[in-house]
Amino acid sequence: MGEADENPVRSLYVHVPFCARKCVYCAFYSEVAGEGAMERFTEALTRELEQAAPRLRPETVFFGGGTPSILPRAQWQKILGAMDRLGLLGAREWTIECNPATVSEEKARCWRDAGVNRLSLGVQSMDEALLERLGRIHSRDDVFKTFDLLRRMGFANLNLDLMFAIPGQTRSVWRSTLEEALRLGSEHLSSYEVIYEEDTPLFEQLQAGAIDVDEDLACDMYEDLVEAAKAGGFNQYEVSNFARHLGPPPAQILSHACRHNLNYWRGGSFIGLGPGATTYVDGVRTRNIEDTARYCGMVESGAAPIDFREKLSPLGRAGETAAFGLRLTAGWPWTLFQQVSGFDLRTHWKTEIGELAARGWLQADEEGLRLTPLGLRFADAAAREFLRPEA
Ligand code: SF4
């Protein structure tokens, strides 16, 4: 292990690349879990953690995937034991993504005892037929059972992930899912529209003409989401994210907003470990190889498992930061953006700001800029206007 870094990175992401089977819409990197592959991955991850530890003092940790909860307890014990030895415990927020069908009391206990304090449940829908349509392995019953189990184990910060505009989903089915999910009383809610990503079975079905995409219905469903979340006591703080408890002005920090993701949206540094994980430190982005066997082989032979590296120009970096932060309902206060990026939005993005404001997507005043409710619906398109790929 090297010397501890004087300016350590505060945010750690770990990609666990295994799932029980592949969901029809999913383009994330993951493979079907095999026992031997999970053991080998755990060993390799432990070595990568050892390499990264001197540069890290994590305040937020996020295990995503894939399905991190699919790892057997024995593998979790090894990973958590290594993090303990390496001084990586004690994060203020530590999230693990879970599939409701792969959480056991033993695993939950081992997470809790190590300091994991936030669990994110991939619910997607409360409708059995749609769960099957999506290729999910869990049932609606698993959602209730796992939610209760986690509460009994003392987890006080739970997120539910939902999905809308699923082919075959009617507005009334979506509203029932929202109602049931809100009734569970989680602290956080994330909800995304189905995306037709290339190389997924869902995309093929779309290409084959087996799916009708109804954009108006998707817009209505998004409105249902925003309204139901508000009525259920949530504050929207990002296009797709809602949390309880709004703190006092001017910061208005939501005590249950996902701090790990806030760091991404505000352009902060992070280290990503595991196959396909991205690291972003000092304007340099690297990505690990998206192949678990090759990732393990590289780590075992002492090589950095990196297959992509780019250094962004200062303006290119600022453009990305602007685009990410625009997703937050708070938008960008002018001074904060200048502190974070070294650039003034009013000078370098004057034309884009004017055009988006004229479209009714964006509001700017003496404090800063933020998307309007209409703009939030088209946040990806609005954000693209701020990118400076040529810079
Ligand atoms: S469980 Fe998550 S990561 Fe795995 S295939 Fe389904 S959507 Fe993708």
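The buried residues of helix α11 are covered by several elements, including α9 (259-265), β13 (284-288), β15 (332-333), α12 (334-341), α13 (345-348) and α16 (379-384). Here helices (H or I, at least four residues) and strands (E, at least two) are DSSP runs, numbered from the N terminus, and buried means under 20% relative accessible area, exposed over 50%, and partly exposed in between, with a 1.4 Å probe and protein chains only. The residues of α11 that are buried in this sense are Gly316, Ala318, Gly319, Glu320, Thr321, Ala322, Ala323 and Gly325. The twelve residues of α11 (residues 314-325) should span 16 Å at 1.5 Å a residue, and this agrees with its end C-alpha atoms, which are 16 Å apart; the expected span is 1.5 Å times one less than the number of residues.

The model is a predicted one, in which local features need pLDDT of at least 70 and side-chain atom pairs count only at pLDDT 80 or more, while totals for chains, interfaces and linings use all residues. Residues are numbered from 1 along each chain as its sequence is written, and side-chain values use heavy atoms, with hydrogens and water left out.

Contact, meaning heavy atoms within 4.5 Å, joins 13 residues of domain 1 to ten residues of domain 2. Between them the domains bury about 970 Å², 56% of it on carbon and sulfur atoms, where buried area is the accessible area (1.4 Å probe) that two parts lose on being put together, summed over both. On the domain 1 side, Tyr222, Val239 and Trp265 lose the most area to domain 2, together 50% of what that side buries.

The backbone also has some details to look for. The peptide bond from Gly65 to Gly66 is cis, with omega near 20 degrees, and Gly66 is placed in the loop between β4 (56-65) and α2 (73-85). Gln124, in strand β6 (residues 118-124), is not a glycine and yet has a positive phi, near 65 degrees; Gln124 is buried, with a relative accessible area of 9%.

Both Gly65 and Gly66 are among the residues that surround the ligand, as are Cys19, Arg21 and Arg136, where a residue is near a molecule if one of its heavy atoms lies within 4 Å of it.
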